[in-house]
Amino acid sequence: MLASSPMPNLRLVRLLWAILISHSLLFAPLLLAAAPMEPLNIVVTIPVLKDLTEQVGGPHVRVTSLLSGYENEHTYSPKPSDLVAVRKARLLFEVGIGLEVWVSSLVKNAGGASLRVVTTSKGIALLRDRPDHDGTAHAAEEDERGNPHVWMDPENATTMMRHITEALIQVDPAHATEYRTNQASYLRKLDQLRGDLSDRIARVADRRFIAHHPAWPYFARRFGFQIVGTIQPQSGSEPSALHLHGLIAKIKNDRIKVVVSEIQLSQKIPELLAKETGARVLVLTTLPGGLPHTDTYLDMLRYNVLQLANALDPA
Ligand SMILES: [Zn+2]
């Protein structure tokens, strides 16, 4: 007959115990790991860094950008809410190269002991601002090291994203694979877009433009545009009357068709140049979110290149 001896029952009890114990041992760490972990608090200086960080970090990061996209990155002054954000942050991503002159005091005043500041431009070859056509030697921007607007070139944005991914992995190694996968899929999209944009620019014959502030040399070099003059010889400084006269003469003599301004700056001088010369003012953005259809870095890149190509070469 079945189970006439007590042995099988005893075995069954032992087996059940064994299962219970092994399960609790096995699953205890799993339960801990699977428990919803708070996302990492991260502060970035400008919106392009927020986008890149969210692309890699997905649901595991909570990113606050100090600039929203409408402010001037050179003259920003931190708000009380910025202090709060920095106080809570584990990581702070900046561009560096003297762009965010206002960030170091913020970190000193509000940064916790565990806050790590990551300079995402590390390793990028910098361009220096050149003397302009009127012979004025233009100092490099806020910093002697070179022009800080590196993110305007997608190749540099790739380097910046790699720094971000590395930092996320160091702070949160549990999601390393996910971060690497996200980075790879984003960089594929970026490559695809670069190819599409290059195809469009290839059909533009005259690629010369006047820039408003020195934010465009990396962009111009990457996409084959040519900056023939800059309204602000240095970021944040107003041009002299002499400088403007020189620009007007240049636009007329060389038949320059486009003055690129930026939504973050005053349109007064670009409009004056346009009125004097018949050139067209095109308002672009150096920060994602500054204009409609520029919410992400990819959107901004597409918008800036296509608008400029269309303005130079109205097909
Ligand atoms: Zn700038």
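Contact here means heavy atoms within 4.5 Å. All views below show a predicted model.

**View 1. T120 and its contacts.**
T120 sits in the loop between β4 (116-119) and α5. Its relative accessible area is 0%, so T120 is buried. Not counting residues up to four places away in sequence, T120 touches L49, F93, E94, V95, T159, M160, H163 and I164.

**View 2. The zinc site.**
Four residues coordinate the zinc ion: E73 through OE, and H74, H149 and H213 each through NE2. The distances run from 1.9 to 2.0 Å. Angles among the four donor atoms span 104 to 119°, and the site is tetrahedral. For reference, the ideal angle for four tetrahedral donors is 109.5 degrees. Along the sequence the donor residues follow the spacing E-H-x74-H-x63-H. H74 and H213 link distant parts of the chain, 139 residues apart. H74 lies in the loop between β2 (61-65) and α3 (80-88). H213 lies in the loop between β5 and α7 (217-223). Buried means under 20% relative accessible area. H74 has 9% relative accessibility and therefore counts as buried. H213, at 2%, counts as buried too.

Helix α8 covers residues 241-253, 13 residues in total. From first C-alpha to last it reaches 18 Å, close to the 18 Å expected at 1.5 Å a residue. Its buried residues are H243, L244, L247, I248, K250 and I251. They share one side of α8, because they cover an arc of only 165° around the axis. An α-helix has 3.6 residues a turn, so residues three or four places apart point the same way. A241, L242, H245 and N253 are exposed on the other side of α8. Which elements are included in what covers the buried residues of α8? Among them are the strands β5 (208-211), β6 (226-230) and β7 (258-262), together with helix α9 (268-277). Just after α8, R255 takes a positive phi of about 50°.

**View 3. The salt bridge between R194 and E155.**
A search of the whole structure finds nine salt bridges; one of them pairs R194 with E155. Their closest N and O atoms are 2.7 Å apart. R194 is buried, with a relative accessible area of 18%. E155 is partly exposed, with 34%.

**View 4. The salt bridge between R200 and D313.**
R200 forms a salt bridge with D313. The closest N and O atoms are 3.4 Å apart. Where in the chain do R200 and D313 lie? R200 belongs to helix α6, and D313 to the segment after α10 (297-312). The two residues are 113 residues apart and link distant parts of the chain. R200 has a relative accessible area of 10%, so this residue is buried.

**View 5. The salt bridge between D206 and R208.**
D206 and R208 form a salt bridge. Their closest N and O atoms lie 2.9 Å apart. Is R208 buried or partly exposed? R208 is partly exposed, because its relative accessible area is 22%. Side chains of opposite charge can pair when their charged atoms come close.

Conventions: Residues numbered from 1 in each chain as written. Predicted model: local features only at pLDDT ≥ 70, side-chain atom pairs only at ≥ 80, totals over all residues. Heavy atoms only, no water. Helix = DSSP H or I, 4+ residues; strand = E, 2+ residues; numbered from the N terminus. Expected span 1.5 Å × (residues − 1). Buried < 20%, exposed > 50% of the residue type's maximum accessible area, 1.4 Å probe, protein only. Arc of directions from axis to C-beta. Donors = N, O, S within 2.8 Å, 3.2 Å for Na, K, Ca; no water. Tetrahedral: all angles 85-135°; square planar, octahedral: opposite > 155°, others 65-115°. Salt bridge = Lys/Arg side-chain N within 4 Å of Asp/Glu carboxyl O.
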